Amino acid sequence: MKQTELFTKTQKNAPKDEVSVNAQLLIRAGYADKLMAGVYTFLPLGLRVMKKIENIIREEMNAIGGQEILMPTLQPKENWEITGRWTALDEDMFKVDGHENQKFVLAPTHEEVVIPLAKKFINSYKDLPKAVYQFQNKFRKEKRAKSGLLRGREFLMKDLYSFHLSEADLDSYYEKAVVAYRNIFDRVGIGEKTYKTFASGGTFAKYSHEFQTVTPAGEDIIYICQKCNLAINKEIKSEVEVCPDCQGKDFREEKAIEVGNIFKNKEKYTKPFNLTVKDEAGEDKLLLTGCFGLGLSRLMGTIVEIYHDEKGMIWPEAVAPFKIHLIVLGSQPIVINKAEEIYNDLQKKNIEVLYDDREVSAGEKFADADLIGIPYRIVISEKSLKAGGAEIKKRNNPETKIVKLDEVTNSINFTPSNTAKR
Ligand code: ATP
Ligand code: MG
């Protein structure tokens with residue numbers, strides 16, 4: 001992609017009311033645009049990152065037997081009355097009027113659709129287990145929408161719902177999902193800072209597990225067990241004093257962002273919809289469900305909170321919008337021709353490249369490259385050609401090196417992008 005053709009431009013300043021680092025950088029660099037508090041447009045650069053995150057999650061969900069679907073955002077009041085959440089979640093939901101007293105919900109979550117949906121297709125114990133997931137916008141009346149992408153009123157979530165006949169089957173699926181979540185966080189570059197965390201069960205179950213990424217930008221407080229690294233959310237610390245996994249008593253306090261949350265909802269939603277099948281003995285049995293949420297826009301904001309410096313973002317390769325930022329300096333035809341050759345060669349080799357072909361100063365190009373944060377910067381200039389070719393620099397390393405023009409693509413050791421592990 002040529003930068004002169006890119007839909008967006010960088011900006012010197014972010015909106016004044018945008019206090020979070022993630023939103024400031026993403027808006028200034030042209031990844032996202034703020035429509036109003038907690039509601040953002042994803043622009044070409046931002047959507048490229050989002051799609052990479054989405055694909056990593058998709059691979060890991062498919063690897064644990066998830067089948068992708070897409071459920072509606074607009075949902076009828078009647079389904080929400082069946083679970084009691086039309087009133088229980090009243091303050092958190094956007095309710096919408098239709099014609100003639102029809103009432104709808106802009107979905108904050110999707111149990112009220114997925115359970116009756118499963119009822120249509122899961123008719124026998126032989127149909128189990130099953131798991132479906134989607135990438136879908138959720139709507140919540142968040143009071144504090146001040147953390148940029150970390151807390152949206154409309155935000156993208158992956159939600160997977162699993163269906164089981166027995167508790168043992170739900171338990172074993174839950175453990176597989178924990179591994180899948182770990183893989184996702186490793187692959188997007190935040191695995192080492194992300195802790196499985198004992199947390200409250202949300203609306204129904206007593207406890208759940210969150211995945212919490214340690215950063216000062218976090219709104220949550222967690223206590224990390226110094227012996228086994230399981231964390232405990234502050235919201236339940238008073239009732240859980242020793243580590244539930246290793247009985248350790250020594251904890252480190254950290255601020256963290258909840259990037260994922262997984263629940264054993266068991267019969268909580270299958271009961272109101274009477275989702276039963278006949279078991280092998282011919283008895284009607286209520287199905288058990290697991291629910292596995294992961295916020296993609298929050299994850300993208302979290303990556304920015306972890307990977308940035310005073311100049312801009314520093315994307316991990318697996319989620320970067322492009323691998324290479326190719327920059328041409330000066331207007332001499334020889335320099336421009338060489339840069340175009342390299343650009344065409346990278347494209348032929350399917351290496352994602354953003355080519356800064358703008359007629360602006362070197363200083364502006366370098367500042368924008370640092371802000372946008374693509375992992376590798378290649379500069380072609382009169383100076384680099386005199387020195388023997390192209391200048392290559394990694395975004396997270398001050399060193400530069402000169403490589404011969406015909407060795408540019410081979411000289412970069414891209415970090416291999418892991419694929420699903422099972
Ligand atoms: P929080 O406690 O931060 O409000 P939650 O516990 O209400 O979040 P869940 O219902 O567990 O959220 O949603 C599953 C996942 O969706 C969360 O782990 C998070 O990654 C994401 N998520 C939830 N609310 C938001 C939001 N307002 N903006 C962006 N992502 C969100
Ligand atoms: Mg949660």
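A polar contact here is a pair of N or O atoms within 3.5 Å. Keep that cut-off in mind as we walk through this predicted model, beginning at the ligand.

An N or O atom in the side chain of N261 sits 3.1 Å from an oxygen atom of ligand 1, so this pair falls inside the cut-off of 3.5 Å. The backbone takes part as well: a polar backbone atom of V259 is 2.8 Å from an oxygen atom of ligand 1, and a backbone N or O atom of G295 is 3.0 Å from an oxygen atom of the ligand. On its own, ligand 1 has 590 Å² of accessible area, and the protein covers 83% of this. Which residues come nearest to the ligand? Among the 15 residues around ligand 1, they are E142, R151, G152, E258 and V259.

Let us turn next to a pair of helices. Two packed helices are described by the angle between their axes and the distance between the axes. For helix α1 (residues 21-28) and helix α8 (residues 296-306), the angle is about 95° and the axes are 8 Å apart. An angle from 65 to 115 degrees counts as roughly perpendicular, and α1 and α8 therefore have that relation to each other. On the α1 side, the contact is made by V21, N22, L25 and L26, while α8 contributes M300, G301, V304 and E305. Sorted by class, this contact has 5 nonpolar, 2 polar and 1 charged residues.

Finally, two spots in the backbone deserve a look. In the loop between α5 (111-121) and β7 (130-139) you will find P129, and the peptide bond leading from L128 to P129 is cis, with omega near -5°. Another loop, between β5 (94-97) and β6 (103-106), holds E100. Although E100 is not a glycine, its phi is positive, at about 45°.

How values were computed: Residues numbered from 1 in each chain as written. Chains lettered and ligands numbered in written order. Predicted model: local features only at pLDDT ≥ 70, side-chain atom pairs only at ≥ 80, totals over all residues. Heavy atoms only, no water. Axes fitted to C-alpha atoms, helices over the stretch in contact; angles between N-to-C directions. Helix = DSSP H or I, 4+ residues; strand = E, 2+ residues; numbered from the N terminus. Parallel < 35°, antiparallel > 145°, perpendicular 65-115°, else oblique. Contact = heavy atoms within 4.5 Å. Nonpolar A, V, L, I, M, F, W, Y, C, P; charged D, E, K, R; others polar. Near = heavy atom within 4 Å. Polar contact = N/O pair within 3.5 Å; in protein donor to acceptor, adjacent residues only side chain to side chain. Areas by Shrake-Rupley, 256 points an atom, 1.4 Å probe, with all protein chains shown as cover.
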